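Subject: Structure handover

Dear colleague,

Here is the structure for your files. My notes on what was found in it follow below.

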Amino acid sequence: MLLESLSAYGARDAIAPLADEVLHHAKRAVLDWLSALYPGTRLSPCRELLAAHNEELGHGRCSLPGNGTTAFPATAAWINGSASHTAEFDDIFRDAVYHPGCPVIAAALALAEHRRGTGRALLNAIVVGYEISTRIGAALQPSHYRYFHTTGTVGSLGAAAAAAALAAPGDADAMGHAIATSATMAAGLQQAFRSDAMSKALHAGHAAAVGVRAGQAAAHGVTGVPDILEGKVGFGAALAQDPAWDAVLEGLGDRYNITRVTQKNHGCCGHTFAAIDAALALRETGVRAQDIASIHVATYRAALDVAGNPEPASAFEAKFSLPYTVAYAMRHGSVRLAAFLPEALQDADTRALMRRVRLAEDTALTAGFPSMRAARVTIVTHDGARHEHFAPYRKGDPEAPLSDKELNDKFDELAAPVLGSERARQLRRSVWALESLDVRDLDLAADQPTHDARS
């Protein structure tokens with residue numbers, strides 16, 4: 001059975017010496033996850049979750065970074081996983097339409113701190129969680145994404161694999177039972193991010209908490225269904241059409257998906273990125289926002305379904321709006337946190353430019369989804385000139401990855417307002433040396449919030 005092979009791999013890599021390249025990419029994933037987490041701690045639903053769990057805070061060894069307190073493992077994973085998915089700077093595994101870092105790293109960090117683990121054990125667990133879940137996620141697509149949010153569903157399995165790697169290192173049986181148990185608890189519906197609500201972020205937190213609970217339970221003998229993935233009424237049958245299970249084991253333990261993760265260059269939905277990149281390329285050629293008569297965006301169907309909102313009324317909706325993000329990019333040259341402040345959302349010039357944006361499906365690009373994320377942007381200026389750029393992939397994708405320096409700069413930009421510049425630099429240095437540290441050396445619970453989110 002498929003789960004048996006996945007579990008044997010997970011048990012092996014939970015304790016095996018990993019190649020330097022793989023460890024390096026695991027550290028990149030941790031740094032990038034923290035980049036997404038810290039701004040998320042200042043937004044809903046993190047504030048509401050802190051209030052909801054106020055009586056639990058200050059107990060346990062698991063950090064709530066940026067909030068100056070701790071919790072027990074599942075609660076920490078729930079809050080951190082949700083916060084890291086809020087600011088829309090979290091990583092992507094393109095082929096699975098999946099944000100692995102939010103559930104996997106939130107779960108792994110909680111159990112690593114709970115067990116007073118080493119940085120190397122944490123990195124190994126993260127690799128295991130990424131490798132198992134990205135392969136399962138890719139096997140389900142594209143049909144799974146019609147109704148389900150992969151980060152909530154498949155993320156539960158990745159979090160469970162990472163948790164089992166720490167709770168029962170080297171134990172293939174525990175690894176399998178943890179994944180199997182998490183599979184029957186996996187959840188996350190697409191409708192949750194088709195309107196302004198907090199539910200989408202909670203998908204990642206739920207997956208992380210499910211993973212922690214499943215991993216801890218399996219380490220103490222709780223069993224799961226061995227054919228939960230490919231069974232007649234199992235995970236694949238319920239959540240996808242004709243899953244490509246045969247491909248799941250290809251290259252497992254040899255070709256590492258964590259080395260092919262997309263790290264975000266824009267603070268919004270990843271389906272907008274190719275269009276933003278194409279628009280920015282035209283801007284760099286000298287096309288000015290004030291000269292634009294019309295903007296035509298041709299892209300794949302899922303991008304239009306998820307990010308086609310023509311008149312976003314809130315920051316959340318704007319992050320899922322191709323017209324808004326493309327118009328803002330043309331006016332300002334980037335789409336970062338400032339793009340979603342109230343004054344930016346209400347800017348009359350940006351709103352006027354949005355109304356000149358037209359969206360259309362390119363069926364060839366739809367056929368290439370999810371492994372291809374492309375867009376063609378055509379701008380016509382008031383003088384009748386036509387300017388066109390095709391972005392076959394996104395900045396941050398494996399074809400054009402963010403460099404280590406760019407990841408450092410992203411971390412400094414997003415974490416320093418929460419931590420202060422010196423603390424952010426110190427933490428960044430520690431992450432790059434994580435394989436030689438204990439997890440407690442990161443001292444993630446020490447940083448005090450800039451406001452009392454628990455009041």
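E88 sits in the loop between α4 and α5 (101-114); helices here are DSSP runs of H or I with at least four residues, strands are runs of E with at least two, and both are numbered from the N terminus. E88 is not a glycine, yet its phi is positive, about 65°. E88 counts as buried because its relative accessibility is 3% (buried means under 20% relative accessible area, exposed over 50%, partly exposed in between, with a 1.4 Å probe and protein chains only).

Before the rest, the terms of the model. This is a predicted model, in which local features need pLDDT of at least 70 and side-chain atom pairs count only at pLDDT 80 or more, while totals for chains, interfaces and linings use all residues. Residues are numbered from 1 along each chain as its sequence is written, and side-chain values use heavy atoms, with hydrogens and water left out.

D242 also has a positive phi, near 55°, and is a residue other than glycine. D242 is in the loop between α10 (235-239) and α11 (273-284). With a relative accessibility of 67%, D242 counts as exposed.

Two cis peptide bonds are worth a look. One joins S44 and P45, with omega about 10°; P45 is in the loop between α2 (20-40) and α3 (46-52). Another joins Q141 and P142, with omega about 5°, and P142 belongs to the loop between α6 (119-140) and α7 (150-167). As background, most residues other than glycine have a negative phi, and most peptide bonds are trans.

N80 is part of helix α4 (residues 73-84). N80 counts as buried, since its relative accessibility is 3%. Apart from neighbours within four places in sequence, N80 is in contact with W33, L37, S63, L64, P65 and A106 (contact means heavy atoms within 4.5 Å).

For the chain as a whole, the secondary structure amounts to 19 helices and six strands. The radius of gyration is 21 Å, close to the 23 Å that the globule rule gives for 455 residues, so the chain is as compact as a globular protein of that length. That radius is taken over C-alpha atoms, and the rule is 2.2 Å times the number of residues to the power 0.38. Along the principal axes, the C-alpha atoms fill a box of roughly 70 × 50 × 40 Å.

Of the 455 residues, 61% count as buried. Among contacts between residues at least 6 apart in sequence, 77% join residues at least 24 apart.

UniProt, in an unreviewed entry, places the feature "domain: MmgE/PrpD N-terminal" at residues 5-245. That span is 59% helix and 2% strand, and its end C-alpha atoms lie 12 Å apart. The feature "domain: MmgE/PrpD C-terminal" is placed by UniProt, again in an unreviewed entry, at residues 266-434. Over residues 266-434 the chain is 47% helix and 15% strand, with the end C-alpha atoms 26 Å apart. UniProt positions are given in the numbering used here, feature names are shortened, and annotations may be inferred rather than shown by experiment.

Regards
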